[in-house]
Amino acid sequence: MAEEKRKRRKIEHRYVYEWLMTFHPTAPQWRRVRLGPLPFKELYPLAKITLRWVDAIFIENNTVHIVEAKLRPDLGAISQLKHYARLFYETPEFKQFHHLPVKKVLLIPYEWKDLVEAARLEGIEVVIWKPAWLKLPVSRR
């Protein structure tokens, strides 16, 4: 089970990276970004467990884009993106960009109707992009 999760995570990292390089190659960008305030020194050992990590952030047209990618339909992505948008403004490493508006982006390979509708109702931009190399079993769509 853990091996499958690691494999899916590697595929997701490649998916996000290639999407950024294809559509936003010149934008300042960060991948697999920790968000939120830094914990107290005593809590550093717990940081890997408690901190939140977004798939990507890029800046374009004076807007911060927070990207969460999902290879399977997951309504939890909506609350994740909303939470990441709040945490962005608490993240010291991005202080120089706190004056910019944040746009939440959900990157998915298929049009999962319920997920797309729910995300759009929450003001989240949905990007559907499926590279030729990405093969997902039918049962996971």
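Start by selecting Lys 113 and Glu 117: these two residues sit four apart in helix α4 (residues 113-121), which means that about one helical turn separates them. Helices here are DSSP runs of H or I with at least four residues, strands are E runs of at least two, and both are numbered from the N terminus. The pair forms a salt bridge whose closest N and O atoms are 3.2 Å apart; the term asks for a side-chain nitrogen of Lys or Arg within 4 Å of a carboxyl oxygen of Asp or Glu. Lys 113 is exposed at 57% relative accessible area, while Glu 117 is partly exposed at 41%. For these labels, buried is under 20% relative accessible area, exposed is over 50%, and partly exposed lies in between (1.4 Å probe, protein chains only).

A word on what you have loaded: this is a predicted model, in which local features need pLDDT of at least 70 and side-chain atom pairs count only at pLDDT 80 or more, while totals for chains, interfaces and linings use all residues. Residues are numbered from 1 along each chain as its sequence is written, and side-chain values use heavy atoms, with hydrogens and water left out.

Now zoom out. The protein has four helices and five strands, arranged along the sequence as α-β-α-β-β-α-β-α-β. Of its 141 residues, 42% count as buried.

Back to charges: the model holds seven salt bridges. Next, pick Arg 14 and Glu 18 in helix α1 (residues 2-23), again four residues apart. Their closest N and O atoms are 2.8 Å apart in a salt bridge. Both ends are partly exposed, with Arg 14 at 41% relative accessibility and Glu 18 at 23%.

For a link between separate parts of the chain, select Arg 34 and Glu 93, a salt bridge with its closest N and O atoms 2.7 Å apart. Arg 34 is in strand β1 (residues 29-35) and Glu 93 is in the loop between α3 (76-88) and β4, so the pair ties together parts that are 59 residues apart in sequence. Arg 34 is buried at 12% relative accessible area, whereas Glu 93 is partly exposed at 47%.

Move on to strand β3 (residues 63-69). Seven of its seven residues are buried, so the rest of the structure largely encloses this strand.

What lies beside β3? Strand β2 (residues 52-60) pairs with β3 in the antiparallel sense over five bridges, where pairing requires at least two DSSP bridges between the strands. Show Ile 57 with its bridge partner in β3, Ile 66. The two strands form a hairpin with two residues between them, and Asn 61 in the turn has a positive phi of about 55°. Strand β4 runs parallel to β3, joined by six bridges, and Glu 68 has Leu 106 as its bridge partner in β4.

Finish on Lys 104, in strand β4 (residues 102-108). Lys 104 is buried yet has no salt bridge; Glu 122, the nearest side chain of opposite charge, is 7.4 Å away. Here Lys and Arg count as positive and Asp and Glu as negative, with His and the chain ends not counted. Leaving aside residues up to four places away in sequence, the contacts of Lys 104 include Ile 66, Leu 81 and Ile 124, a contact being heavy atoms within 4.5 Å.
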